[in-house]
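I opened the model today to go through its charged pairs. My notes follow in the order I looked things up.

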Amino acid sequence: LEAKRAKVLSALRDAGASAAAVAAAADAGTLAELDDAHAPFKAPARCSKAEAARRSFSGADAAARDLTRGGGEDALRGLDEKRREAVRLVLADLLAKDPRCRAAARARFDRGGVKAAPGKERDAAYRFYEGWSRPTRSVAPHAWLALDRAQKANALTVTLEAAGDDASAARDVAAA
């Protein structure tokens, strides 16, 4: 944690982050909190869908920011479907970098569950996990690894379920 904190603090200072952002990174008690503090200042991926959307429609950022301020459908009015999709991609990128949204999403999935169903290529090695269902918080690290291997081998279909509905997620973000 301390080694990563030093790198993040250096990156934040280089990016000209506010004193509050630097303080949030300095006070972070977990890697997740540290990542949340750093997310808004990370350089965008050169090949992300959001970056491609920004290049294809220069007004995507402004429209996405209007939506985050409660602009509703007015921000999308008059846009064709291609430009609406560009705004959606940029909005997803903005929300993914917002520490409040990241914390709310993490909390929803922490309260949710994991389910595993037989995949297309059943494998006896993963039979134990067929029909398996557990709260996310109670899944042991070795089980996550086994579920990941099984899904990559098409032996299982693994589903993460978030707790609550979209309205409760919006309230979580607003309360954060």
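**Entry 1**

I started with Lys-115, which forms a salt bridge with Glu-161; the closest N and O atoms are 3.7 Å apart. I note that this is a predicted model. Next I checked where the partners sit. Lys-115 is in strand 1 (residues 113-118) and Glu-161 is in strand 3, so the pair ties together parts that are 46 residues apart in sequence. I then looked up accessibility. Lys-115 is partly exposed, at a relative accessible area of 38%. Glu-161 also comes out as partly exposed, with 32% relative accessibility.

**Entry 2: a helix-to-helix pair**

How many salt bridges does the structure hold? I found 15. I picked Asp-36 and Arg-106 from my list, a salt bridge with the closest N and O atoms 2.4 Å apart. Asp-36 belongs to helix 3 (residues 31-38) and Arg-106 to helix 7 (residues 99-111), so this pair ties together parts that are 70 residues apart in sequence. Is Asp-36 buried or exposed? I read 7% relative accessibility for Asp-36, which counts as buried. Arg-106 reads 31% and counts as partly exposed.

Side chains of opposite charge can pair when their charged atoms come close.

**Entry 3**

I moved on to Glu-51 and Arg-54. Their side chains meet in a salt bridge, 3.0 Å from N to O. Both residues are in helix 4 (residues 49-56). They are three residues apart there, which means a separation of about one helical turn. Glu-51 is buried, with a relative accessible area of 17%. Arg-54 is buried too, at 18%. The cut-off I needed here is under 20% for buried.

Which residues are linked with Glu-51 and Arg-54 in a network of salt bridges? I wrote down Asp-61, Asp-93 and Lys-97.

**Entry 4: a backbone check**

I finished with a look at the backbone. Asn-154 has a positive phi of about 60 degrees, although this residue is not a glycine. Where is Asn-154 placed? I located Asn-154 in the loop between helix 8 (141-152) and strand 3 (156-161). That strand also holds Glu-161, the partner of Lys-115 from my opening entry. I logged the accessibility of Asn-154 as well: a relative accessible area of 38%, partly exposed.

Notes: Residues numbered from 1 in each chain as written. Predicted model: local features only at pLDDT ≥ 70, side-chain atom pairs only at ≥ 80, totals over all residues. Heavy atoms only, no water. Helix = DSSP H or I, 4+ residues; strand = E, 2+ residues; numbered from the N terminus. Buried < 20%, exposed > 50% of the residue type's maximum accessible area, 1.4 Å probe, protein only. Salt bridge = Lys/Arg side-chain N within 4 Å of Asp/Glu carboxyl O.
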